[in-house]
Amino acid sequence: MGIRVAVAGASGYAGGELLRIIGAHPDLELGPLAAATSAGAPVTVAHPHLAHLDEHTFEPLDPARLSSADLVFLALPHEESAAVSAALPAGVPVVDLSASFRLADPQAWSVYYRTPHAGQWCYGLPELPGARERIAAARRVAAPGCYATAAILALAPLVAAGLADPGDIVIVAASGTSGAGRSPSAALLATEVIGSMSAYQAGGTHRHTPEIEQALRAVLARGGDPPQPSEGPMPHDSVMADRPGSEPVVSFTPMLAPMPRGILATCTARLRDPGTATAALREALAAAYDGAPFVRVLPEGRWPSTAATNGSNMAHLQAAADAHAGRAVVVAALDNLGKGAAGQAVQAANLMLGLPETTALSLQGVAP
């Protein structure tokens with residue numbers, strides 16, 4: 001008998017990716033698969049690619065049923081996730097893929113989500129300093145957002161090393177349509193998307209903006225552990241004081257790309273020293289992710305592509321110093337359903353359960 005896991009929101013795209021990964025996991029077995037609007041339907045109606053699950057059916061969303069499992073994945077909208085998690089016993093380990101428990105600041109939450117702040121859980125990005133140990137010790141983990149994962153992995157090492165000014169960050173990132181979820185929308189019809197690129201939620205309104213700023217602030221202040229709500233504002237301690245303008249400020253423009261999955265994020269920040277060379281940026285990235293199995297700094301001159309990471313739990317990075325503009329440029333690619341959602345959630349669950357971090361997670365992309 002393996003470790004029994006439940007999935008709430010199992011009929012969505014992230015839920016389906018969770019089922020695919022768990023199905024190949026040697027230490028996990030599927031427990032309740034909840035999908036309120038699809039209750040009673042076979043799993044293969046929503047996920048025909050998961051033919052090995054043709055005898056499984058979706059169940060109603062019942063916290064009591066979920067809590068019978070050894071670990072629960074929540075792949076629900078944030079309003080539902082907060083309510084369901086509150087009904088689960090405190091002793092049940094939970095990994096939440098929604099935004100419900102990512103932000104420490106209730107004010108930032110209210111500005112971007114306009115619902116009651118449910119609190120903060122351990123932030124589940126293992127590549128941040130000290131995060132693996134915190135995740136392994138946690139009972140409740142908030143998986144990061146997909147755009148946020150790409151941007152934080154790209155920028156955190158440069159900010160921490162004092163190479164880039166966190167007060168002047170610009171991110172332009174494109175995502176596949178699965179990032180918008182499975183609910184029908186006219187904007188996501190094939191007729192609207194195929195052959196077209198479009199921006200959305202521009203002008204600082206995208207919800208991953210405060211998440212990125214929070215993670216960069218934490219890296220500056222104390223090695224990657226976001227502040228708890230009870231601690232109040234982040235102090236400008238000695239680490240911050242010698243870096244003028246170091247309060248992170250992010251201008252983020254997301255874009256919808258005519259592809260089903262993947263994220264390509266171009267992240268730039270003003271160089272503290274305009275003479276900084278590309279080699280210094282690459283060295284900072286390589287040092288930060290030395291030994292990190294799911295982050296690959298590509299050979300110089302080779303730039304990330306979404307096709308190379310799709311189907312995997314990998315993030316590919318490349319950096320360049322723009323001497324003309326005096327800016328650091330880091331491009332990140334990852335699968336928004338893999339490292340940006342389900343893969344990262346399983347990575348955190350592996351750590352929580354004392355299993356090897358890489359178990360059941362692919363280092364290889366699928367192409368073409």
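Author: T268 is buried, with a relative accessible area of 14%; buried means under 20% relative accessible area, exposed over 50%, and partly exposed in between (1.4 Å probe, protein chains only). The model is a predicted one, in which local features need pLDDT of at least 70 and side-chain atom pairs count only at pLDDT 80 or more, while totals for chains, interfaces and linings use all residues. Residues are numbered from 1 along each chain as its sequence is written, and side-chain values use heavy atoms, with hydrogens and water left out.

T268 sits in strand β10, residues 263–271. Helices (H or I, at least four residues) and strands (E, at least two) are DSSP runs, numbered from the N terminus. The side chain of T268 makes a polar contact with the side chain of R327 at 3.1 Å. Such a contact is a pair of N or O atoms within 3.5 Å; within protein, one must be able to donate a hydrogen and the other to accept it, and residues adjacent in sequence count only if both atoms are side-chain atoms. Apart from residues up to four places away in sequence, T268 touches D168, I169, V170, R327, A328 and V329, where contact means heavy atoms within 4.5 Å.

With neighbours within four places in sequence set aside, I171 is in contact with A151, L155, I212, V250, S251, F252, T253, T266 and C267. I171 is also among the residues with the most contacts inside the largest nonpolar core, together with L18, L19, F73, I152 and L158. That core has 85 residues; the term covers buried Ala, Val, Leu, Ile, Met, Phe, Trp, Tyr and Cys residues joined through side-chain atoms within 4.5 Å. Helix α7 (residues 146–160) supplies the largest share of this core, 12 residues. A second, separate core of 15 residues includes A6, L74, V94 and F101.

Within α1 (residues 13–23), R20 and E17 are three residues apart, about one turn of the helix. An α-helix has 3.6 residues a turn, so residues three or four places apart point the same way. R20 forms a salt bridge with E17, with the closest N and O atoms 2.7 Å apart; the criterion is a side-chain nitrogen of Lys or Arg within 4 Å of a carboxyl oxygen of Asp or Glu. E17 is buried at 5% relative accessible area, whereas R20 is partly exposed at 34%.

Two further pairs involve helix α9 (residues 208–222). E211 and R102 meet through their side chains in a salt bridge of 3.4 Å, N to O. E211 lies in α9 and R102 in the loop between β4 (94–96) and α5 (106–113), so this pair links distant parts of the chain, 109 residues apart. Both partners are buried, E211 at 1% relative accessible area and R102 at 6%. The side chains of R217 and E247 form another salt bridge, at 2.9 Å, N to O. Here R217 is in α9 and E247 in the loop between α10 (238–241) and β9 (250–256), so parts 30 residues apart in sequence are tied together. R217 is buried at 19%, but E247 is partly exposed at 31%. Salt bridges that share partners also join E17, R20, R261 and D335 into one network. The whole structure has 11 salt bridges.

R207 lies in the loop between β8 (198–199) and α9, and is partly exposed at 34% relative accessible area. A polar atom of its side chain lies 2.9 Å from the backbone oxygen of Y112. The C-alpha atoms of R207 and Y113 are 7.3 Å apart, although 94 residues separate them along the chain.

As for the whole, the protein has 13 helices and 13 strands. Its radius of gyration is 20 Å, close to the 21 Å from the globule rule for 368 residues, so it is as compact as a globular protein of that length; the radius is taken over C-alpha atoms, and the rule is 2.2 Å times the number of residues to the power 0.38. Of the 368 residues, 54% count as buried. Among contacts between residues at least 6 apart in sequence, 70% join residues at least 24 apart.
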